[in-house]
Amino acid sequence: RGAEILTAAGIIEFEQSDYVVAETDLRGARAAPKGDENCNAGFYLGSVLTKREAWAEAAASYDSAMVCYDDKASLIAAKIEQVRQSTRGSAEFGARRIASLESDLADRRKRNQTSAFNAASMNARLGNFARAEELLVIASQSPDLADQIAKLREQLAQATHPATPAA
């Protein structure tokens, strides 16, 4: 039962709402060699822990996934630059390779931003409002999350500056 199999099983179990088994498999995937590089296992473990209302652990798992996806994005960006500088192969091959890498880069960045938003949500639940705001700066790079970010920022504003009752 390798890390990739445990990750796939954990994702399926999460989708089937079998959170106890999903947590076991996803923790196993993260505990495997190079498990800290298994971004998807970290993200889905955060999702499982959210469903189980383990806010602090979920926040940590999403934060770890966020860093992992950011690291992967940096590696892909470096690879894009390397392909651009290469004189090997045809221009057509290089263009296809760059397009493929740019698609992967966009995906990792989106996953990074989604993880940041989820970590912000968990931190808000825990009352860690400053950390939640820091994470929202990262999440706000995704236009797809704009509505959710606005709602969370509104909740943060209400939590940090509650309205005073009228006399």
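**A guided tour of the predicted model**

Begin with the largest nonpolar core, which has 35 residues; select Phe117, Leu136 and Leu152, the members that touch the most others in this core. Next, colour the elements that give two or more residues to the core: α1 (3–15), α2 (19–31), α3 (39–51), α4 (55–85), α5 (91–125), α6 (129–139) and α7 (146–160). Of these, α4 provides the largest share, with eight residues. As a general point, nonpolar side chains in soluble globular proteins tend to be buried together.

Keep Phe117 selected and display what surrounds it. Which residues is Phe117 in contact with, leaving aside its neighbours within four places in sequence? They are Leu136, Ala139, Leu145, Gln148, Ile149 and Leu152.

**Helix α2**

Then show the side chains of Tyr19, Ala22, Glu23, Asp25, Leu26, Ala29 and Arg30, which are the buried residues of α2. What covers them? The cover over the buried residues of α2 includes α1, α3 and α4.

**The disulfide**

Select Cys39 and Cys68. These two residues form a disulfide, and their sulfur atoms lie 2.0 Å apart. The count for the model comes to one disulfide. Cys39 belongs to helix α3 and Cys68 to helix α4; the two are 29 residues apart, and the pair links distant parts of the chain.

Are these cysteines buried or exposed? Cys39 has a relative accessibility of 6%, so this residue counts as buried. Cys68, at 4% relative accessibility, also counts as buried. Why is the disulfide called left-handed? The torsion about the S-S bond of Cys39 and Cys68 is about -75 degrees, and the disulfide is therefore left-handed.

**Confidence**

Finally, colour the protein chain by pLDDT. The chain averages 94, and 96% of the residues score at least 70. Confidence is highest in α3, at a mean of 98, and lowest in α7, at 94. In general, where pLDDT is low, the predicted coordinates should not be read in detail.

Technical notes:
Residues numbered from 1 in each chain as written. Predicted model: local features only at pLDDT ≥ 70, side-chain atom pairs only at ≥ 80, totals over all residues. Heavy atoms only, no water. Core = buried A, V, L, I, M, F, W, Y, C linked by side-chain atoms within 4.5 Å. Buried < 20%, exposed > 50% of the residue type's maximum accessible area, 1.4 Å probe, protein only. Helix = DSSP H or I, 4+ residues; strand = E, 2+ residues; numbered from the N terminus. Contact = heavy atoms within 4.5 Å. pLDDT = per-residue confidence, 0-100. Disulfide = S-S within 2.5 Å.
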